[in-house]
Amino acid sequence: MNQTPNSNYRTNESVGKMFLHSCLGKFIILAAVVVVLLIIAFLTKPTDQEMRDEMNDNIMQCMEMNDSIRGDQIDDFVHNIGFIFTTADSTKVGKEWREVFDKYNRLEIYNHAFFRTAYVYNNVKTEGTRVGFGLYGLVIPTANFNDFLLRIGPMRKSYNQKLINTTVIDADLGTNPNIQEFHYKRNPDD
């Protein structure tokens with residue numbers, strides 16, 4: 001095995017290359033990238049009116065999607081991602097839905113340093129529920145149909161009425177039919 005004739009194991013790397021390979025250099029580069037991303041986030045944050053318009057559209061789309069079958073959290077996530085790129089169909093969600101939503105719910109937009117958030121307040125969720133946030137020029141909804149109060153009515157009719165009424169039925173309900181195991185395969189009278 002041949003050894004190198006140079007007894008000095010120093011390399012002739014430039015200062016820049018040594019800086020890039022050092023821990024301090026990697027940390028400074030990471031900090032610079034984060035600062036640039038924060039500056040871009042600050043400059044491209046959606047305005048209050050843009051956020052309100054987009055969230056109203058996203059809420060109407062959420063009501064439009066939940067008119068028949070309610071899905072699980074994955075369905076809500078997929079629908080919310082789709083709501084970013086689509087608009088509500090004004091023929092499906094009528095003016096009455098909008099009026100009911102505005103009557104029982106209140107949409108508030110909050111400004112933060114690098115993004116905005118949208119909350120819905122109503123009588124059921126008085127602390128508010130976050131239904132979206134705006135970042136990098138996009139309004140990303142996180143709305144769920146259960147976040148909105150769309151119907152209202154009394155839970156009890158009178159002051160001391162029990163929630164679960166225990167009633168006794170006095171009427172004769174008749175006799176039980178002669179049902180046996182595997183009733184559908186043979187005549188039960190046999």
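Buried means under 20% relative accessible area, exposed over 50%, and partly exposed in between, with a 1.4 Å probe and protein chains only. The model is predicted, with local features needing pLDDT of at least 70 and side-chain atom pairs counting only at pLDDT 80 or more, while totals for chains, interfaces and linings use all residues. Residues are numbered from 1 along each chain as its sequence is written, and side-chain values use heavy atoms, without hydrogens and water.

**View 1. Tyr 136 in the loop between β3 (129–135) and β4 (138–141).** Tyr 136 is not a glycine, yet its phi is positive, at about 55°. Its relative accessibility is 39%, so Tyr 136 counts as partly exposed. Strands are DSSP runs of E with at least two residues, and helices runs of H or I with at least four, numbered from the N terminus.

**View 2. Helix α3 (residues 48–65) against helix α5 (residues 95–104).** The two axes (lines fitted to C-alpha atoms over the stretch in contact; angles from 0 to 180 degrees between N-to-C directions) come within 11 Å and cross at roughly 115°. That makes α3 roughly perpendicular to α5 (65 to 115 degrees). Contact (heavy atoms within 4.5 Å) involves Asn 56, Ile 59, Met 60 and Met 63 of α3, and Trp 97, Arg 98 and Phe 101 of α5.

**View 3. The buried residues of α3.** They are Met 51, Met 55, Asp 57, Asn 58, Ile 59, Met 60, Gln 61, Cys 62, Met 63 and Glu 64. The elements they pack against are α4 (73–83), α5, β1 (106–111), β2 (116–121), β3 and β4.

Key:
Parallel < 35°, antiparallel > 145°, perpendicular 65-115°, else oblique.
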